[in-house]
Amino acid sequence: MVRPAAPRLLLALTLLLGSTVAPTSQPVSKTEGQGQAAAGPGQQLDRSGAGESVLVSVFVELELSDKIWPLAHSRALALPPASATSCPRNLTGLVITTDCNVSHTGHSRCACRPGYQWSARLCSSSTPCPSHSHSGQLCDCRIFSHSIPGYCQTLPPVPGNLSLNSQLQMPGNMLNLALLTTQNVTNPKWFLRRTENSKLIPLRSGPQVSLSFHQGQASLSISRPSQHWAGEYLIYFEAQGFAWKLQQVVKVPLQKAEVALFPEELSISCTASPSFQLSCCFPSTNLVYTAAWSPREGSHVSLLNRTGSQCLLLDVQRCPEADTTYTCVLESQGLAPLRRSVAVAVIQDGDDACPEDFSAVAWNVTKAGHAAQAPCPGNKAGMVKRFCGPDGAWGPLQHNCTDMGILALYDEARLLQAGQGKPDQRVPQILERLQERVEAASSPSDLLKLLSTVEVLAEVVAEDRTTLKPSALEDLLTITDKVLDTNISSLWTPAQAQEPSMGSDFLLAVETLARSLSPKGQPFFFSSSSVRLQSQLLEPPLADYQISFSTQPPLRARIPRYSLTPWVRNGTTVSVTSLVLQNLDRLLPSNYGQGLGGPHYATPGLVLVISIMAGGKAITRAEVIMDFGQTDGALHCVFWDHNLFQHAGGWSDRGCQARAANDGPATQCICQHLTAFSTLMSHHTVPEDPVLELLTQVGLGASILALLVCLTVYRLVWRAVVRNKVAFFRHAALFNMAICLLAADTWYLAGSVFLPRTHNLLCLVTAFLCHFFYLCTFFWMLAQALLLAHQLLFVFHQLSKHLILALMVILGYLCPLGLAGAALGLYLPRGQYLREGQCWLAGKGGAVYTFVGPVLAIVGVNGLVLAMTVLKLQRPSLSEGPSVEKRQALLGVLKALFILTPIFGITWGLGLVTMLEEASAVPHYIFVILNSSQGVFILLFGCLTDKKVQEALRKRFCHTQPPNSDISLNTNETYISEQSKGGSQNASSLSSPP
């Protein structure tokens, strides 16, 4: 019996049978001391007799023991029966081809002897032995999980060779490899083992790689090979029933761009820094290079070895007397020398130069007209430059510092695109590592390389038609969410100055990768702060495809069944992917297609991407109905057309239209194609104009100063100007109006300057306080108007001072507080309270109407009071006029309302115009100028032009007694009684200036 757990030796025996027969059941044994020699290849066991020999095969299984290998199992050799004339035959030779060992798990590990190999069929259907994976031989050891299907076969001669046009590939040449063989070749596979990496990289057709296989012949061509293409090229193929491997080493010389000098230029002051260092760095290659600096007198040269590169350092100890050019020379046998030079300028006495500066980077004294250079800090690749102007003044910093991790992933993606590696394996690996490096992006160069990496991967996936697993898609969406985060998005503005189309290119890349999800990974859901995705398969019977997202604003989409039916047939797999990207719309170029003109549009803060895949192909034509929520004005349904503006991208409304929703006030968009959708509205943002921003800040600053002066004046003259009830009520309203407007302007200015484009708790508090204090300003205006109306209509009705003051406080503070609080409680839970990019009420959803509505109502009431006052003055009573002080108080109220109310009305009326106007920027400028100057108007017309205030100021500062200043305090009752009689005297006194 054979014990399964014991080691066994399977012998595939080639038997040479001679003319003399020996009993075939005779035991064959092998002692431990004899080792393999007891059954070596071609060993003669018996040479007795002569005659014709026949080769046959037989299996012998031996069980190992401590001392000997006894025969455990054998079977008789089935030979043709001997005829009467045939001679007896002897066993003349035995060859061992295969050694097998059975593990405790029941798996057989079978290794071929030299000169033998498993067939290609068994090789492809079994597992290679781990210990033989780097042996350099193909199919020499396999692991079988069940019964052993056969034994190793004798290898025939190599059926061909690998031809290389030139082992040394010069820059610009085409690398050509061809498999030359007379046998029919099948299943050829090309690999590259680069110089700096022992891992085999599969090659495929790409922009730089061309593979051909025709009539059993294989060839490989690579255009513009660089150091990334130097190494050992291997081809695996099958011929004559076996798997074969051939290889060729390719050497690529260094190119000048691959040699890095630091610094690239240098200017020194021999008195300030007589010594300096130059470095010449180049990548490691499979060519032997010798490096040298010239000149090197008075210098020390050292070689620094780094991972994948070498640097030759030149430490100059003695400052040169004149400008000198130092040259790094790289030489290799059979190649022309490669030279890179550094010009060192010496600062002489009298030369203009920039002084030392250690503010951010250590800048040495630099000659005027030259640039100083410094290495990028930390784990950054690149260089920081600073130009010294001709007048000896330092210029701004310039750098291309890029995170080394992001840069390495970008290089890997570019090589994958060129043809190195398998996309289905490498794309998920790069995405996984890339999402871990997003937080490292701290410069515009980092962001550009990061987005470029995603774009390259999208091109690879689209070209190779690769499908992604859910984990890879999740990594992509995580990258997108982090990129759209406010911390990273601050890098977009300087990055877009370098690459204006980067936002459009990134959107296209995300679209491409999002629809590449494998059908096996669906349904799939992802949700984060800026990215939401849902992908699902459609199965018959079909219904309308509907989806909704709880975004701000809420978003719904629907694809009617009749648009999906043509694609779901004959068992075709159909999937629909819906992707919402928030904050990306403001990072896209402000480009508008034909028919949209060029106004200042704004999107609702999100972009919806819908794609349909049917049978692995993208469907572009289908009707989609989208509801972006309630809108405040004219809406344009648009999509992002990547082909507009010379492929920079732009918004277009081609194939899209807007219509009113059947079940609510919202406006729906209907488009006849699939892409990235959004809406355009002119009233969501004010034009981003630096002049407008400057006018706003200057106007608000002037208004705040004027209000402070106004409150100071009231503090000085208050007792002198409130000698009767009418004057008290009027100045009390103006005083509270000034306080409220001062608080509102201060919070608004702080929010616009210190909280740009951020939606946090402080921004929420700022929006609420601005809303509250601006409402208080207008409600105090309403209190003043109602007070005047009461004085005109109810002459004999006496009002309690405390009652009126209490009512004014309720109207001026509690009513605005109720409106502001209701708006906060109603719209904040819905996500419709804050406007996108501003600390102010959202124009979408109705929050802004809790401010606009009361303001328009108050302006209307003030207009009615003014009209009533004018009519009343045109029909004076016949009684004797009131006292001079009473007339002054009433005329002061009339003057204040007549001047302040139109100003407030015109200002906010123009504010409505800016929400509707789509072509001109003039209303925006007028609105800003008038609105930001409200405090100035209050100071001028409500305070300083009042004669009581002027007299009180003269009396306080000039110590003079103005004429006719003795006015009785008991004038209110006299005025009311005289108004009942009516008289021309009152009319004449009212018409005269106070």
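Helix H18 spans residues 934–944, and its buried residues are Gln-934, Gly-935, Ile-938, Leu-939, Gly-942 and Cys-943. These residues lie on the same side of H18, because they cover an arc of only 140° around the axis. An α-helix has 3.6 residues a turn, so residues three or four places apart point the same way. The model is predicted. This briefing moves from that helix to a sheet, and then to a surface patch.

**The sheet as a whole**

- An open sheet is formed by 4 strands, in the order E22-E24-E27-E26.
- The pairing in this sheet is antiparallel.
- Which strands are the edge strands? They are E22 (260–262) and E26 (299–306), and each pairs on one side only.
- From one strand to the next, the twist averages 15°.

**Strand by strand**

- E22 and E24 run antiparallel and are joined by 3 bridges.
- Across this pair, Ala-260 stands opposite Cys-281 in E24.
- E24 also pairs with E27, in the antiparallel sense, over 8 bridges.
- Here Gln-277 has Asp-315 in E27 as its bridge partner.
- E27 (residues 309–316) pairs with E26 over 8 bridges, again in the antiparallel sense.
- In that pairing, Ser-299 stands opposite Val-316 in E27.

**Buried parts of the sheet**

- Why is strand E24 described as largely enclosed by the rest of the structure? Of its 8 residues (276–283), 6 are buried.
- Leu-312 sits in strand E27.
- Is Leu-312 buried or exposed? Its relative accessible area is 5%, and buried means under 20%, so Leu-312 is buried.
- Leu-312 and Ala-292 are 20 residues apart in sequence. In space, their C-alpha atoms are 7.5 Å apart.

- Leu-803, Leu-807, Ile-810, Leu-814 and Leu-817 make a nonpolar surface patch of about 450 Å².
- One of these residues, Ile-810, has its place in helix H14 (residues 801–827).

**To take away**

- In the nonpolar patch, Ile-810 is one of the residues that make the surface.

Terms used. Residues are numbered from 1 along each chain as its sequence is written. This is a predicted model: local features need pLDDT of at least 70, side-chain atom pairs count only at pLDDT 80 or more; totals for chains, interfaces and linings use all residues. Side-chain values use heavy atoms; hydrogens and water are left out. Buried means under 20% relative accessible area, exposed over 50%, partly exposed in between (1.4 Å probe, protein chains only). Helices (H or I, at least four residues) and strands (E, at least two) are DSSP runs, numbered from the N terminus. The arc is that of the directions from the helix axis to the C-beta atoms. Two strands pair if DSSP finds at least two bridges between them. Axes are lines fitted to C-alpha atoms, for helices over the stretch in contact, and angles run from 0 to 180 degrees between N-to-C directions. Patches are made of residues with over 30% relative accessible area and no salt bridge: like charges are joined within 9 Å, nonpolar side chains (Val, Leu, Ile, Met, Phe, Trp, Tyr) within 5 Å. Accessible areas come from the Shrake-Rupley method with a 1.4 Å probe; for residues, only the protein chains shown count as cover. A salt bridge is a side-chain nitrogen of Lys or Arg within 4 Å of a carboxyl oxygen of Asp or Glu.
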